[in-house]
Amino acid sequence: MTSTPIVRLEHVGKKYGKVVSLKDVTLEIGANEIVGLIGDNGAGKSTLIKVLTGVEPPTSGTLYVRGLKIDASSYTVKEAHKLRIETVYQDSSLGEKQPLWRNFFVGRPITNRFGFIDVKAEKKVAEHIMRSTIGFRGVGIDVDTPVSRLSGGERQGVAIGRAMHFDSDLIVLDEPTVALALKEVQKVLDFIRSIKSGGRSCIYIEHNIHHVHEVCDRLVVLDRGEIALDAPTSSMTYLELTNFLMSLHGRRPAAAAH
Amino acid sequence: MAHADKGPPNNPIAAFFKIEGTPIAFVFLLLVLLFMLTAPRAFMGFRVYMSFMANVPPPMIIALGLTLVVVAGEMDLSFPSVVAFASYVFCALYQNYDMTWLALLAALATGTVMGFVNGLVVTKLGIPSLIATLAMLFLWGGLVTVVSNGASLAIPDIEGELIHSVFAGRIGVFPVQFLWALGVAVLIWMVLNRHRFGESLLFIGDNLKVAKVVGIAIDREKIKLFTLMGLLSAFAGVLLTMETTTYFSQAGMGYLLTVVAAVFIGGTSIFGGAGKVVGTVFGSLIVAIIEAGLVASGVAGFWTRFFIGLVFIVSVTMNAAIEDPDKVPLLKDLRSRARR
């Protein structure tokens, strides 16, 4: 982590009306590291990601990408893409009724100067990503298959493959294993390892602490909008991590009641 | 027959029906054959088809525009008033100032501006488009009645002009406007299936959240969509005016239900995210041939709406069932009972 971090958040806060979702978050994501982001529902994980990827502007604080200060007002999803930051959302990364090839290129299609899409070229590249980057050899899946016919794990693979194809340095995975069968979860964890071996970084948001502990280099715990822990995975065993998370619950009056 | 069960993708019949629009074209041909039997005098001659091709283009062009709107998960009910407004602008400018091509441009520009305003109302006021455009139907319709003072206009002299030959002339007996409608159909097909704008509409209609996270400028695309719809409605209005050489404030009202029916009969998903341009072309033809065919078969004219309604319900249900049988509660129920 001697080089400039890919992203750096400094004292970032976010309010929705009177509701404080993030307060004073300072966080760095370095090159080629997998960071696990843990926290309860409402801890601010989603908000943090939205701020990071240009979906919503922060109410206070600053954001740096590769050392450059980002102007919050002009920072959009498109800008984030240009800065090679990509998000893979659990349920909202792919258009279900659309074929795979459209899903690979949506938002940045290969077009001529009149805006007409070069379908042949897109299909060819999509085919290549499927075969090599994400290693799809499933029977009956080709670039014309609509996403609705893919399994949950395959969908995550498509979205991750897309992010890697567009040369993202930082891929954000928003709870990619929710509602997946065990076999599918293993596929997704393999995709995450391929992000690391591809020399890229990843923020991995997850409820299942076990998965996080298994693949991540560093752990960040969010609690009620603040960072409660930021430590290398190697410094903590799985048990220590669980105990730490339980102690957070203990501090909470509502949770202490039961 | 045994082979057909084994490999459905290799079945030539199944493959044929997978080509966009073939099932609906098949339904259309069946209807033509049916009417040839019930009304041979009319449907065995060419005249009925020629008048057909003269009258179908305006609603077909509107239906093509509406197909894109429905693909994006939206609705536009304001088009009858846009048709009337464009028709009024064209007639008034021709009658008072002898303008022809300029009158056309002015009429198209009027429709485009109206569509743009519709888009702003839908996106910036956040009113669901079904309601917003229903309000705009009244608003624009009221405005054109006020501007035209409730009167109708007749421009029979337009028939001698070049512009009339270009948009409502005949090549032999063949009505030119049908070629314009086909041209618009090809264009809309290209936009939906091969242009980035069409792709944005597909994703917006499929899942708004996805469209947002992949960086589609949703409001801007929707405004473009309603603007295009306004332009196409205005073009339809001008075609209608040239064919009938009149303006009256209710000019487009007759299209309201038939155009909506044409889009859904054509197989465009009511749930958004998918659309069939070829289907809309045949959907428009089917609606028109039911109207003409029933009357020619001697069924009282009052029945036509009933039958269009019937075809509408059946085809939308069929299309939904093809998309996903579980979307039709009746079928879902039957299927779960059959499994038990």
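I worked on a predicted model, in which local features need pLDDT of at least 70 and side-chain atom pairs count only at pLDDT 80 or more, while totals for chains, interfaces and linings use all residues. Residues are numbered from 1 along each chain as its sequence is written, and chains are lettered from A, ligands numbered from 1, in the order in which they are written.

Contact of chains A and B. I found 22 residues of chain A and 17 residues of chain B in it (contact: C-beta atoms, placed from the backbone, within 7 Å). On the side of chain B that touches chain A, helix 12 (196-206) and helix 13 (208-213) of chain B each supply at least two residues (helices are DSSP runs of H or I, at least four residues, and strands runs of E, at least two, numbered from the N terminus). Helix 12 of chain B gives the largest share of that side, six residues.

Helix pair. I looked up helix 12 and helix 14 (residues 218-244) of chain B: their axes come within 10 Å and cross at roughly 110° (axes are lines fitted to C-alpha atoms over the stretch in contact; angles run from 0 to 180 degrees between N-to-C directions). The two helices are therefore roughly perpendicular (65 to 115 degrees). Phe197(B), Ser200(B), Leu201(B) and Ile204(B) of helix 12 meet Ile218(B), Glu221(B), Lys224(B) and Leu225(B) of helix 14.

Sheet. In chain A I noted an open sheet of four strands, order 2-1-4-5, with antiparallel pairing (strands pair if DSSP finds at least two bridges between them). Strand 1 (residues 7-16) and strand 4 (residues 60-65) of chain A are joined by five bridges. Arg8(A) has Tyr64(A) in strand 4 as its bridge partner.

Note on methods
Two residues are in contact if their C-beta atoms, placed from the backbone, lie within 7 Å. Angles under 35 degrees count as roughly parallel, over 145 as roughly antiparallel, 65 to 115 as roughly perpendicular and the rest as oblique.
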